[in-house]
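Subject: Structure handover

Hello,

Here is the structure for your files. Please open it beside this note.

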Amino acid sequence: MEKYTIGIDFGTLSGRCLLVDVASGKEVAASVYEYPHGVIEGSLPYGRKLPNDWYLQHPKDYLEVLENTVEKTLDEAGVKPEQVIGIGVDFTACTMLPITEDGTPLCMLEKYRSDPNAYVKLWKHHSAQPQADRLTRVAQERKENFIKRYGGKISSEWMLPKILQTLEESPDVYRDTYTFLEAGDWIVLQLTGKLMRNSCAAGAKCLWHKKSGFPSKEYFKAVHPGLENVVEVICTDFNCRPALLGIRCLCRLARKKTVCCWRAYLDRACYLLLLYCGNVDFPGTSAYADDGRDAPVVLFLSSTGRTHHIQSLEV
(Lines give C-alpha, C1' and ligand atoms only; values in the text may rest on other atoms or scores of the structure.)
Protein backbone atom coordinates (compact mmCIF):
# COMPACT_ATOMS: atom_id res chain seq x y z
CA MET A 1 0.00 0.00 0.00
CA GLU A 2 1.37 3.42 -1.03
CA LYS A 3 2.46 5.79 1.72
CA TYR A 4 1.99 9.55 1.75
CA THR A 5 2.86 12.62 3.76
CA ILE A 6 0.96 15.87 4.17
CA GLY A 7 2.55 19.32 4.36
CA ILE A 8 0.57 22.35 5.53
CA ASP A 9 2.08 25.76 4.85
CA PHE A 10 0.48 28.58 6.83
CA GLY A 11 1.21 31.66 4.76
CA THR A 12 0.38 35.33 5.11
CA LEU A 13 -2.98 35.22 3.33
CA SER A 14 -3.83 31.53 3.09
CA GLY A 15 -2.99 28.00 4.16
CA ARG A 16 -1.91 25.38 1.63
CA CYS A 17 -2.13 21.63 2.05
CA LEU A 18 0.05 19.35 -0.11
CA LEU A 19 -0.06 15.55 -0.39
CA VAL A 20 3.17 13.84 -1.50
CA ASP A 21 3.96 10.24 -2.43
CA VAL A 22 6.96 9.37 -0.24
CA ALA A 23 8.32 6.78 -2.67
CA SER A 24 8.51 9.05 -5.71
CA GLY A 25 8.30 12.56 -4.26
CA LYS A 26 5.41 13.26 -6.60
CA GLU A 27 2.92 15.95 -5.64
CA VAL A 28 -0.37 14.06 -5.69
CA ALA A 29 -2.93 16.68 -4.66
CA ALA A 30 -3.16 20.11 -3.09
CA SER A 31 -5.73 22.44 -1.59
CA VAL A 32 -5.70 26.13 -0.64
CA TYR A 33 -7.85 27.90 1.95
CA GLU A 34 -7.81 31.68 2.16
CA TYR A 35 -7.97 33.12 5.66
CA PRO A 36 -11.41 34.68 6.26
CA HIS A 37 -9.79 37.49 8.28
CA GLY A 38 -6.76 37.79 6.01
CA VAL A 39 -4.17 40.19 7.40
CA ILE A 40 -5.87 42.37 10.01
CA GLU A 41 -4.78 45.97 9.44
CA GLY A 42 -6.56 49.29 9.72
CA SER A 43 -9.07 47.99 12.25
CA LEU A 44 -9.90 44.91 14.32
CA PRO A 45 -12.82 42.63 13.34
CA TYR A 46 -14.83 44.31 16.11
CA GLY A 47 -14.17 47.84 14.90
CA ARG A 48 -11.27 49.23 16.92
CA LYS A 49 -8.95 51.27 14.73
CA LEU A 50 -5.31 50.21 14.41
CA PRO A 51 -2.33 52.55 14.01
CA ASN A 52 0.15 52.20 11.17
CA ASP A 53 2.49 49.19 11.08
CA TRP A 54 0.02 46.90 12.90
CA TYR A 55 -0.35 43.56 11.13
CA LEU A 56 -2.39 40.94 12.95
CA GLN A 57 -4.12 37.65 12.26
CA HIS A 58 -6.89 35.62 13.83
CA PRO A 59 -5.88 32.14 15.06
CA LYS A 60 -9.29 30.76 14.18
CA ASP A 61 -8.25 31.03 10.53
CA TYR A 62 -5.43 28.54 11.12
CA LEU A 63 -7.83 25.96 12.52
CA GLU A 64 -10.12 26.44 9.56
CA VAL A 65 -7.21 25.67 7.24
CA LEU A 66 -6.92 22.25 8.85
CA GLU A 67 -10.65 21.68 8.72
CA ASN A 68 -11.05 22.73 5.10
CA THR A 69 -7.97 21.41 3.30
CA VAL A 70 -6.82 18.07 4.71
CA GLU A 71 -9.91 15.99 4.05
CA LYS A 72 -10.46 17.72 0.72
CA THR A 73 -6.92 16.91 -0.40
CA LEU A 74 -7.23 13.25 0.58
CA ASP A 75 -10.60 12.91 -1.14
CA GLU A 76 -9.26 14.44 -4.33
CA ALA A 77 -6.40 11.94 -4.40
CA GLY A 78 -8.47 8.96 -3.28
CA VAL A 79 -6.03 8.37 -0.43
CA LYS A 80 -7.13 6.73 2.82
CA PRO A 81 -6.15 8.31 6.16
CA GLU A 82 -4.23 5.19 7.20
CA GLN A 83 -1.90 5.70 4.23
CA VAL A 84 -0.65 9.01 5.66
CA ILE A 85 2.53 8.46 7.70
CA GLY A 86 3.58 12.06 8.31
CA ILE A 87 2.20 15.56 8.78
CA GLY A 88 4.42 18.64 8.42
CA VAL A 89 3.49 22.23 9.23
CA ASP A 90 5.34 25.52 8.77
CA PHE A 91 4.96 29.24 9.50
CA THR A 92 7.09 32.31 8.97
CA ALA A 93 8.62 33.44 12.26
CA CYS A 94 8.11 35.44 14.28
CA THR A 95 4.34 35.10 14.07
CA MET A 96 3.32 34.92 17.71
CA LEU A 97 0.36 35.02 20.08
CA PRO A 98 -0.53 35.04 23.79
CA ILE A 99 -2.49 32.08 25.17
CA THR A 100 -4.08 30.94 28.42
CA GLU A 101 -2.97 27.80 30.24
CA ASP A 102 -5.46 25.66 28.32
CA GLY A 103 -4.15 26.97 24.99
CA THR A 104 -6.90 29.49 24.26
CA PRO A 105 -5.66 32.59 22.40
CA LEU A 106 -6.51 35.68 24.41
CA CYS A 107 -8.23 37.30 21.42
CA MET A 108 -10.84 34.53 21.63
CA LEU A 109 -11.82 35.67 25.13
CA GLU A 110 -14.71 38.13 25.23
CA LYS A 111 -12.83 40.57 27.47
CA TYR A 112 -9.91 40.89 25.05
CA ARG A 113 -11.44 40.65 21.60
CA SER A 114 -11.06 44.42 21.16
CA ASP A 115 -7.45 44.55 22.37
CA PRO A 116 -5.00 44.33 19.46
CA ASN A 117 -2.22 42.95 21.68
CA ALA A 118 -4.37 39.86 22.31
CA TYR A 119 -4.22 38.82 18.65
CA VAL A 120 -1.62 37.02 16.58
CA LYS A 121 1.14 39.48 15.68
CA LEU A 122 2.22 38.63 12.17
CA TRP A 123 5.88 38.35 11.22
CA LYS A 124 5.74 41.74 9.47
CA HIS A 125 4.19 43.54 12.46
CA HIS A 126 6.53 46.52 12.90
CA SER A 127 4.82 48.73 15.47
CA ALA A 128 7.13 47.39 18.22
CA GLN A 129 10.09 49.29 16.77
CA PRO A 130 10.55 51.53 19.87
CA GLN A 131 10.69 48.40 22.02
CA ALA A 132 13.18 46.76 19.66
CA ASP A 133 15.36 49.89 19.77
CA ARG A 134 15.36 49.83 23.57
CA LEU A 135 16.21 46.13 23.74
CA THR A 136 19.11 46.80 21.37
CA ARG A 137 20.34 49.88 23.21
CA VAL A 138 20.34 48.22 26.63
CA ALA A 139 22.14 45.16 25.25
CA GLN A 140 24.83 47.38 23.74
CA GLU A 141 25.19 49.48 26.89
CA ARG A 142 25.55 46.36 29.03
CA LYS A 143 27.89 44.77 26.47
CA GLU A 144 25.74 41.66 26.33
CA ASN A 145 27.44 38.88 24.40
CA PHE A 146 24.23 37.53 22.88
CA ILE A 147 23.71 40.65 20.74
CA LYS A 148 26.76 39.72 18.65
CA ARG A 149 24.90 36.69 17.30
CA TYR A 150 22.32 39.02 15.77
CA GLY A 151 24.63 41.52 14.11
CA GLY A 152 24.32 43.94 17.02
CA LYS A 153 20.63 44.70 16.45
CA ILE A 154 17.24 43.31 17.52
CA SER A 155 14.41 43.49 14.97
CA SER A 156 10.88 44.67 15.65
CA GLU A 157 9.70 41.50 13.91
CA TRP A 158 11.04 39.30 16.72
CA MET A 159 9.39 37.85 19.79
CA LEU A 160 10.73 40.01 22.65
CA PRO A 161 9.85 43.44 21.17
CA LYS A 162 6.32 42.19 20.55
CA ILE A 163 6.06 40.89 24.12
CA LEU A 164 7.42 44.15 25.55
CA GLN A 165 4.88 46.07 23.48
CA THR A 166 2.11 43.99 25.07
CA LEU A 167 3.49 44.61 28.56
CA GLU A 168 3.59 48.36 28.04
CA GLU A 169 0.39 48.87 26.08
CA SER A 170 -1.85 46.11 27.47
CA PRO A 171 -0.62 45.12 30.95
CA ASP A 172 -3.82 43.16 31.63
CA VAL A 173 -3.21 41.03 28.55
CA TYR A 174 0.36 40.43 29.70
CA ARG A 175 -0.81 39.53 33.20
CA ASP A 176 -3.41 37.04 31.97
CA THR A 177 -1.07 35.40 29.45
CA TYR A 178 0.16 31.95 30.42
CA THR A 179 2.78 32.04 27.68
CA PHE A 180 3.63 33.72 24.39
CA LEU A 181 4.51 31.32 21.60
CA GLU A 182 5.05 30.98 17.90
CA ALA A 183 1.91 30.29 15.88
CA GLY A 184 3.56 27.11 14.58
CA ASP A 185 4.04 25.87 18.14
CA TRP A 186 0.40 26.69 18.83
CA ILE A 187 -0.72 24.57 15.86
CA VAL A 188 1.37 21.65 17.13
CA LEU A 189 -0.27 22.16 20.53
CA GLN A 190 -3.69 21.97 18.87
CA LEU A 191 -2.75 18.80 16.99
CA THR A 192 -1.16 16.94 19.88
CA GLY A 193 -2.09 18.59 23.17
CA LYS A 194 1.65 19.01 23.88
CA LEU A 195 3.20 22.44 24.44
CA MET A 196 6.75 22.46 23.11
CA ARG A 197 8.91 25.13 21.49
CA ASN A 198 10.77 24.75 18.24
CA SER A 199 14.40 25.64 18.77
CA CYS A 200 14.75 27.19 15.30
CA ALA A 201 12.42 30.12 16.00
CA ALA A 202 13.63 30.40 19.59
CA GLY A 203 17.21 30.82 18.43
CA ALA A 204 16.56 32.98 15.40
CA LYS A 205 13.80 35.23 16.77
CA CYS A 206 13.72 34.94 20.58
CA LEU A 207 17.37 35.42 21.66
CA TRP A 208 17.71 31.80 22.86
CA HIS A 209 20.86 29.68 22.51
CA LYS A 210 21.01 25.96 23.09
CA LYS A 211 24.11 26.29 25.29
CA SER A 212 23.60 29.58 27.15
CA GLY A 213 19.82 29.80 27.05
CA PHE A 214 18.14 33.22 27.20
CA PRO A 215 19.70 36.54 28.24
CA SER A 216 19.82 37.16 31.99
CA LYS A 217 17.09 38.48 34.25
CA GLU A 218 19.29 41.50 34.89
CA TYR A 219 19.25 42.40 31.22
CA PHE A 220 15.48 42.12 30.93
CA LYS A 221 14.97 44.10 34.15
CA ALA A 222 17.20 46.86 32.79
CA VAL A 223 14.98 47.03 29.72
CA HIS A 224 11.76 47.16 31.79
CA PRO A 225 11.20 46.12 35.43
CA GLY A 226 8.10 44.16 34.44
CA LEU A 227 10.13 42.14 31.96
CA GLU A 228 12.48 40.71 34.60
CA ASN A 229 10.78 37.30 34.73
CA VAL A 230 9.78 37.07 31.07
CA VAL A 231 11.88 33.93 30.60
CA GLU A 232 9.58 32.11 33.02
CA VAL A 233 6.68 33.10 30.75
CA ILE A 234 8.23 31.98 27.47
CA CYS A 235 10.57 29.18 28.53
CA THR A 236 8.96 25.78 28.04
CA ASP A 237 10.26 22.49 26.71
CA PHE A 238 12.76 22.69 23.82
CA ASN A 239 13.64 18.99 23.97
CA CYS A 240 13.00 16.56 21.13
CA ARG A 241 10.69 13.87 22.39
CA PRO A 242 7.72 11.99 20.98
CA ALA A 243 4.36 13.26 22.22
CA LEU A 244 1.94 10.35 22.05
CA LEU A 245 -1.36 12.14 22.32
CA GLY A 246 -4.68 12.05 20.53
CA ILE A 247 -5.13 14.34 17.55
CA ARG A 248 -7.73 17.11 17.65
CA CYS A 249 -8.21 19.15 14.52
CA LEU A 250 -7.20 16.29 12.19
CA CYS A 251 -9.25 13.55 13.85
CA ARG A 252 -10.94 12.74 10.58
CA LEU A 253 -7.52 12.22 9.02
CA ALA A 254 -6.02 10.16 11.81
CA ARG A 255 -9.20 8.15 12.51
CA LYS A 256 -8.31 8.24 16.23
CA LYS A 257 -4.85 6.86 15.64
CA THR A 258 -1.99 7.86 17.95
CA VAL A 259 0.10 10.79 16.80
CA CYS A 260 3.83 11.07 17.38
CA CYS A 261 4.86 14.72 17.58
CA TRP A 262 8.41 14.72 16.30
CA ARG A 263 10.42 17.83 16.95
CA ALA A 264 12.51 17.88 13.80
CA TYR A 265 13.65 21.01 12.02
CA LEU A 266 14.76 20.42 8.46
CA ASP A 267 15.84 22.60 5.60
CA ARG A 268 12.66 22.78 3.59
CA ALA A 269 9.19 21.25 3.53
CA CYS A 270 9.73 19.38 0.27
CA TYR A 271 12.66 17.47 1.76
CA LEU A 272 10.72 16.79 4.93
CA LEU A 273 7.83 15.29 3.03
CA LEU A 274 10.09 12.81 1.23
CA LEU A 275 11.30 11.25 4.46
CA TYR A 276 10.07 7.88 5.61
CA CYS A 277 9.05 8.07 9.24
CA GLY A 278 10.33 4.80 10.62
CA ASN A 279 13.26 4.74 13.10
CA VAL A 280 15.12 7.58 11.43
CA ASP A 281 17.70 9.36 13.58
CA PHE A 282 17.61 13.06 12.76
CA PRO A 283 20.72 15.06 13.69
CA GLY A 284 20.35 16.54 17.14
CA THR A 285 17.19 14.65 18.06
CA SER A 286 16.39 11.61 20.12
CA ALA A 287 12.90 10.95 18.84
CA TYR A 288 12.06 7.77 16.96
CA ALA A 289 8.88 6.47 15.39
CA ASP A 290 9.25 3.13 17.15
CA ASP A 291 5.74 3.35 18.58
CA GLY A 292 4.15 2.07 15.38
CA ARG A 293 4.67 2.88 11.72
CA ASP A 294 0.95 3.37 11.21
CA ALA A 295 0.87 6.39 13.53
CA PRO A 296 1.07 9.71 11.66
CA VAL A 297 4.07 11.80 12.64
CA VAL A 298 3.71 15.55 13.17
CA LEU A 299 6.81 17.56 12.30
CA PHE A 300 7.21 21.30 12.67
CA LEU A 301 9.31 23.48 10.41
CA SER A 302 9.88 27.08 11.38
CA SER A 303 10.68 29.43 8.55
CA THR A 304 12.68 32.36 9.84
CA GLY A 305 11.91 34.41 6.76
CA ARG A 306 15.33 33.99 5.15
CA THR A 307 16.76 30.81 6.59
CA HIS A 308 15.59 27.34 7.56
CA HIS A 309 17.81 25.98 10.32
CA ILE A 310 18.58 22.33 10.99
CA GLN A 311 18.29 21.89 14.72
CA SER A 312 21.73 20.37 15.25
CA LEU A 313 23.41 23.53 13.93
CA GLU A 314 24.49 26.40 16.14
CA VAL A 315 21.94 29.23 16.29
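This is a predicted model: local features need pLDDT of at least 70, side-chain atom pairs count only at pLDDT 80 or more; totals for chains, interfaces and linings use all residues.

Residues are numbered from 1 along each chain as its sequence is written, and side-chain values use heavy atoms, with hydrogens and water left out.

**Aromatic rings**

There are 8 aromatic pairs in the structure. Rings of Phe, Tyr and Trp (its six-membered ring) pair if their centres lie within 6.5 Å; planes under 30 degrees apart count as stacked, over 60 as edge-to-face and the rest as tilted. F10 and F91 are stacked, because their ring centres are 4.6 Å apart and their planes meet at 10 degrees. This pair links distant parts of the chain: F10 is in strand β1 (residues 4-10) and F91 in strand β5 (residues 84-92), 81 residues apart. Helices (H or I, at least four residues) and strands (E, at least two) are DSSP runs, numbered from the N terminus.

Both F10 and F91 are buried. Buried means under 20% relative accessible area, exposed over 50%, partly exposed in between (1.4 Å probe, protein chains only). F10, Y35, Y62 and F91 make up one aromatic cluster.

Y219 and F220 form a tilted pair, with 5.2 Å between centres and 55 degrees between planes. Y219 and F220 are both buried.

**Charges over rings**

A charge sits over a ring if NZ of Lys or CZ of Arg is within 6 Å of the ring centre and within 35 degrees of the ring normal. R113 lies over the face of Y46, 4.1 Å from the ring centre. K124 has its charged end over the ring of Y55, at 4.9 Å from the centre.

**S31**

S31 is in strand β3 (residues 27-34). S31 is buried, with a relative accessible area of 4%. Leaving aside neighbours within four places in sequence, its contacts (heavy atoms within 4.5 Å) are G15, R16, C17, N68, T69, K72 and T73.

**Helix α2**

The buried residues of α2 (residues 129-141) are Q131, A132, L135, T136, V138 and A139. Seen down the axis, they fall within an arc of 165 degrees (taken from the directions from the helix axis to the C-beta atoms), so they line one face of the helix. Their cover includes α3 (159-169) and α7 (217-223). K143 follows α2 and has a positive phi, near 55 degrees.

Best regards

How values were computed: The expected span of a helix is 1.5 Å times one less than its number of residues.
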